[in-house]
Amino acid sequence: MTDLLTAADVQLMQGLAQRITAVRQDLVNSDAAYGELAWNWGRGHAAQGASWVRRLWFDGGGADLVAWGWAQLPRSVRRSDGSVKDVTGAYLAFQVHPDHAELVDEVIDWFDTTADGLERTVLPGAADKFGLERWAAHGYEPDPDGLGDTGSWTQLNERDLADLEKPVLPDGFRFRTATEAGPAAAFQAHLDAWGVTAYSPEGYEGVRATPAYRGDLHVLVEAPDGTMAASTIMWLDEANKTVEFEPVGTHPDYRRRGLGRAMLLHGMDRARAAGATHATVACLGAPGHPSARGLYYSVGFQEICRDVPLLKPA
């Protein structure tokens, strides 16, 4: 059944992400992870939810979700500087349980019908060989811009939390949580780090309202003058004892001081205290985007999988 995406749908989709993570983490698409779903839904549904349609597939008994498609259709996106960006194509986030891999054809057919006449983009995982064959059979081809040296494809990185280096901040800086700093400061920290963005105070309230959000796992670095110089949200998947960092950002005036590195190490320590034994973080993987990748490698993360941008012309 096709309908607008709801908060209840997102929780079902997170449940599928947890079940796939337990058996084949490399098959969890970059925008279908437990934390990524909460982040994307929370920050965008108030402003963009009217253009988000979905279809859900359940197993024969109807108890467990085994596949889903989330089509993001043309819309106007208002950004933090007051400008408006018109999105004219359609994008699909999706997930199919490996035990029901054949459903990918139904997902593709549904997307092609829903976005008929539009340029269509999708990000299947490189590890999903069967899925990639099916997308190609339906006319989807690698996106040359997305795969270029400054392309938009992402990689997922992981590490265990058994042995953590102690974080070190410059003199006068300190760690805070969003619970301590308050919503206004936590939102401003993200805005300062990311510049012109579609994120809004209403979007942050949506993030805070998701069941997966925890203010004690939303970590910030406060500068001596009170500026929140860096921030990250951690999403704890208790079923798999894994935590996902999304997003991670540092104020431009405070970069290259080791704040991001210290914040990640501190965050992993907090996550371990909350029960996590494993951590993940995604980043742009193309050669022209080395900074975030280098940061994550410096604190022990290693690539586990990556996605493949595909395109089907209108």
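So, which residues have the most contacts inside the largest nonpolar core? They are Phe 173, Phe 245, Leu 259, Met 268 and Phe 301, in a core of 30 residues.

Before I go on, some housekeeping. This is a predicted model, where local features need pLDDT of at least 70, side-chain atom pairs count only at pLDDT 80 or more, and totals for chains, interfaces and linings use all residues. Numbering runs from 1 along each chain as its sequence is written, and side-chain values use heavy atoms, with hydrogens and water left out.

Okay, back to the core. By nonpolar core I mean a set of buried Ala, Val, Leu, Ile, Met, Phe, Trp, Tyr and Cys residues joined through side-chain atoms within 4.5 Å. Buried is under 20% relative accessible area, exposed is over 50%, and partly exposed is in between, with a 1.4 Å probe and protein chains only. The elements giving two or more residues to this core are S11, strand S12 (228-237), strand S13 (242-250), H8 and strand S14 (278-284). H8 gives the largest share, 7 residues. Helices (H or I, at least four residues) and strands (E, at least two) are DSSP runs, by the way, numbered from the N terminus.

Take Phe 173. Leaving out residues up to four places away in sequence, Phe 173 touches Val 221, Glu 222, Ala 223, Pro 224, Ala 229, Tyr 254, Arg 257 and Leu 259; contact here means heavy atoms within 4.5 Å. There's also a second, separate core of 22 residues, and Ala 90, Leu 92, Val 104 and Tyr 140 are among them. As a general point, nonpolar side chains tend to be buried together in soluble globular proteins.

Now, salt bridges: a side-chain nitrogen of Lys or Arg within 4 Å of a carboxyl oxygen of Asp or Glu. The structure has 13 of them. One joins Asp 112 and Lys 312, at 3.1 Å from N to O. That pair links distant parts of the chain, with Asp 112 in helix H3 (residues 104-114) and Lys 312 in strand S16 (residues 310-312), 200 residues apart. Asp 112 is buried at 13% relative accessible area, and Lys 312 also counts as buried, at 18%.

Next up, Arg 174 and Glu 222, whose closest N and O atoms are 2.9 Å apart. Arg 174 is partly exposed at 45%, whereas Glu 222 is buried at 11%.

A local case is Asp 269 with Arg 272, at 3.3 Å from N to O. Both are in helix H8 (residues 259-273), 3 residues apart, or about one turn of the helix. And salt bridges with shared partners join Arg 174, Arg 176, Glu 180 and Glu 222 into one network.

Quick look at a hairpin. S2 and strand S3 (residues 65-72) pair antiparallel over 7 bridges; pairing needs at least two bridges found by DSSP. Trp 52 has Gln 72 as its bridge partner in S3. There are 6 residues between the two strands, and Gly 62 in the turn has a positive phi of about 80 degrees.

Last, the whole chain. The protein chain comes to 9 helices and 16 strands. Buried residues are 52% of the 314 residues. Along its principal axes, the C-alpha trace spans about 55 × 45 × 40 Å.
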